[in-house]
Amino acid sequence: MKAFYSDHFVLPLPAGHRFPMAKYSQLRERLARELPLVTLQEAPRASDGELALVHVPAYIASLAQGTISRAAMREIGFPWSDAMVERSRRSAGATVAAARLALQAGVAANLAGGTHHAYADKGGGFCVFNDAAVAARLMQAEWGRQQRRTLRVAIIDLDVHQGNGTAHIFQHDDSVFTLSLHGEKNFPFCKESSDLDVALPDGCGDEPYLQALEAALEELLHRFEPGLVIYLAGADPFEGDRLGRLKLSRDGLEARDRRVFDWCWQRRIPLALAMAGGYGVKIEETVQVQLTTYRVALDYWQRWQTLRA
């Protein structure tokens with residue numbers, strides 16, 4: 001199973017910054033040691049043209065040229081640098097590559113991504129470019145040229161924070177279905193309307209979460225028939241997360257992942273995986289949750305390979 005990484009394009013942050021950059025390299029190192037069937041590959045760079053399928057050209061140019069305002073960068077939460085822009089391009093390119101490969105192999109992944117707070121014309125919440133939106137748009141363009149019909153994409157967003165940017169980008173597009181399970185009282189405090197929003201109370205644990213997910217997937221099935229799923233497998237619903245405010249256990253998160261992958265497998269829907277958020281009090285716990293997601297992904301990738309054999 002191929003997974004695309006961009007952690008060696010380092011985003012320089014000041015000492016004490018709360019964004020856990022180290023989790024990306026730690027995940028890649030553990031995958032290399034513990035899951036040798038996961039083939040790690042450097043993420044390609046998303047071009048201006050690819051990004052412009054979603055993002056306003058003036059926004060892309062302001063980032064590339066360093067002319068973006070300080071206020072806009074404060075909303076993103078990172079200091080501007082050439083390295084920040086390059087890493088953001090690579091993170092978007094990784095989800096594009098994973099989505100393209102998933103359509104061929106069933107499952108592929110991005111070791112980062114899930115930057116769902118980025119709008120067409122601005123970033124926010126540690127998100128610069130919206131990788132899932134760019135991947136959805138580009139796969140639709142490529143599929144349309146090859147198949148002469150529309151590729152319908154479902155974005156299943158299980159990060160603990162609502163995917164407000166994604167919801168806004170696709171709010172008038174019936175070819176992309178946005179599903180978000182998130183903390184009701186968590187960031188962003190001004191939420192957008194996804195095609196299906198499931199707002200969960202603080203302290204929500206395994207059983208009510210999984211029941212809510214099951215009901216959401218059933219509703220998605222009744223309302224939409226995707227040809228591709230982009231899955232944002234946030235680690236931040238974990239009970240040990242600093243920002244999550246939910247109480248899912250490791251077993252609960254594994255059950256969540258298996259339910260999403262199984263829903264896709266039963267319907268033979270290709271799935272591209274992005275890791276989204278994770279802000280564990282202990283960063284190694286976030287990485288462990290993500291590693292388990294990869295174990296689940298690998299299991300389902302192997303099922304796809306037996307199907308194709």
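I started at the end of H3, where glycine 66, just after the helix, takes a positive phi of about 75°. Helices here are DSSP runs of H or I, at least four residues, numbered from the N terminus. I keep in mind that this is a predicted model, where local features need pLDDT of at least 70, side-chain atom pairs count only at pLDDT 80 or more, and totals for chains, interfaces and linings use all residues. Residues are numbered from 1 along each chain as its sequence is written, and side-chain values use heavy atoms, with hydrogens and water left out.

Next I checked burial in H3. Tyr59, Ile60, Ser62 and Leu63 are buried (under 20% relative accessible area, 1.4 Å probe, protein chains only). Seen down the axis of H3, these buried residues fall within an arc of 165°, so they line one face of the helix; the arc is taken from the directions from the helix axis to the C-beta atoms. Pro57, Ala58 and Gln65 are exposed (over 50%) on the face turned away from the buried side. I found H2 (48-51), H4 (70-76) and H5 among what covers the buried residues.

Then I looked at H3 (residues 57-65) against H5 (residues 82-105): their axes come within 8 Å and cross at roughly 135°. Axes are lines fitted to C-alpha atoms over the stretch in contact, and angles run from 0 to 180 degrees between N-to-C directions. Ile60, Leu63 and Ala64 of H3 make the contact with Asp82, Met84, Val85 and Arg89 of H5 (heavy atoms within 4.5 Å).

How values were computed. Helix = DSSP H or I, 4+ residues; strand = E, 2+ residues; numbered from the N terminus.
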